[in-house]
Amino acid sequence: MKEKHQIIVVGGGLAGLCSSIQLQKAGYQVLLLERHQYPKHKVCGEYISNEVLDYLNQLGLNPFDLGAKNITTFRFSSNKGAALQIDLPLGGFGISRYALDAALCNLALQQGVCIHHEKVTAIGFTDNQFEVTTNKASYNASFVIGAYGKRSVLDKALSRKFITNKTPWVAVKAHYQGPQPAHVVGLHHFEGGYCGLSQVETGAVNACYLVHQEVFGRFKDIPSFQENVIAKNRHLKAFYAESNMLFENPLTISQVSFESKTIVEDHVLMIGDSAGLIHPLCGNGMAMAIHSAKIVSDVLIAFKLDPNHRSTIETQFKNRWHHHFDSRMRAGKWIQKGLLHSGLTAFGVAILQRAPRLLSRLIKTTHGNRI
Ligand SMILES: Cc1cc2nc3c(=O)[nH]c(=O)nc-3n(C[C@H](O)[C@H](O)[C@H](O)COP(=O)(O)OP(=O)(O)OC[C@H]3O[C@@H](n4cnc5c(N)ncnc54)[C@H](O)[C@@H]3O)c2cc1C
């Protein structure tokens, strides 16, 4: 006989872990299905906006107890070397996903969340209940939260539209011992992409870049790409020249998709990147993932996870998601378009150097208030 659960969360990244903790704390028994073990490095810029700091504290996690770096300043440079620096409107903190996801997993276990390390292969919905199939077992549940990230076999299984489109983005990340002040997050432009630099809890600098496949594919390997493209930005050239990589090899991912997604798919409530990924240059994807975990949990708790209210739960969740995130996603799209246009970037930096408040406003369009 299949195990029957009130709620199953698929994917234990930031979104899945935060929703599991909130729901479990509210008295609901959560089964979280995550394919990997913790801790694990992930391709991510590892700068998190302070908008989710209070919420993380409420869940029981203070990132500064783990050594997170307080980040107050934003530095930007164009490919041509022009640079500017401003105070961040809200600020944030630098912490590795290696440390953060593992700490949230420990917190979830302490709260009583049941975590199974299994790969979910299918989610079906019939007669007002779900059947979730993994590589090891099969479960029934009244509700399923989809928190399985940017791209998964599950998107194919659920016939989600975006999954059929190829996307040209590649991302590369590694930690370095190198020169980057702890209070600064850097965003540095180069042909076809941009690179974020910020310290994490160990004092290492996370260098993570996103690049168009068309530019990346011209080179045989990462070192020659970095030497021939990234090093044209003198700030990045100086960083890489003065740094030692702490990973054996950089981590890479491809097929990073920024296409619109459906927020509820065959009754699965999607959160985090499964609901949509904002362009990484905004430095807001993790905050959105965590915020969306709060939104879905608040709605489910308000209706006591009663399947008779499924339709209202889905509508309220969708409405709140769109209310909080639609304009940020749009702004991120436009900013990324502008940034990848070298002429526009140089022109933009010249203007922003004279009017730094404009940059502060631009940052605000992709961020929310503290939740
Ligand atoms: C290059 C790049 C740089 C970025 N930089 C930043 C930044 O500096 N700041 C910021 O705020 N955001 C940044 N982001 C965005 C941020 O990384 C994401 O928004 C965030 O990780 C989303 O969290 P999540 O929980 O939705 O997904 P994830 O963290 O991807 O978690 C999904 C989880 O689901 C699991 N999973 C997947 N499929 C299955 C399955 N079938 N069965 C079971 N488990 C499964 C995975 O193993 C994973 O643990 C960046 C993104 C990119 C691509």
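Me: In this predicted model, what is the handedness of the crossing in which α8 passes α9?
Reply: The crossing of α8 past α9 is right-handed.

Me: Which residues of α8 and α9 make the contact?
Reply: From α8 come M288, H291, S292, I295, V296, D298, V299 and L300. The α9 side supplies I313, Q316, F317, R320, W321, H324, F325, R328 and M329. By class, the contact holds 10 nonpolar, four polar and three charged residues.

Me: At what angle do helix α8 (residues 285-302) and helix α9 (residues 310-339) pack?
Reply: The angle is about 160 degrees, and the axes are 9 Å apart.

Me: Why is α8 called roughly antiparallel to α9?
Reply: Angles over 145 degrees count as roughly antiparallel. The angle here is about 160 degrees, so α8 is roughly antiparallel to α9.

Me: What makes the pair S138 and E131 a polar contact?
Reply: The cut-off for a pair of N or O atoms is 3.5 Å. The side chains of S138 and E131 are joined at 3.1 Å, so the pair falls within that limit.

Me: Where does S138 lie, and what is S138 in contact with beyond its neighbours within four places in sequence?
Reply: S138 belongs to strand β9 (residues 138-146). Its contacts, those neighbours aside, are K2, E3, E131, V132 and T133. K2 is 136 residues from S138 in sequence, yet their C-alpha atoms are 6.1 Å apart.

Me: Which of the 35 residues around the ligand come nearest?
Reply: They are E34, G45, Y47, R97 and D273. For G45, a backbone N or O atom lies 2.8 Å from a nitrogen atom of the ligand.

Terms used:
Residues numbered from 1 in each chain as written. Predicted model: local features only at pLDDT ≥ 70, side-chain atom pairs only at ≥ 80, totals over all residues. Heavy atoms only, no water. Axes fitted to C-alpha atoms, helices over the stretch in contact; angles between N-to-C directions. Helix = DSSP H or I, 4+ residues; strand = E, 2+ residues; numbered from the N terminus. Parallel < 35°, antiparallel > 145°, perpendicular 65-115°, else oblique. Left-handed = near helix turned anticlockwise from the far one by under 90°. Contact = heavy atoms within 4.5 Å. Nonpolar A, V, L, I, M, F, W, Y, C, P; charged D, E, K, R; others polar. Near = heavy atom within 4 Å. Polar contact = N/O pair within 3.5 Å; in protein donor to acceptor, adjacent residues only side chain to side chain.
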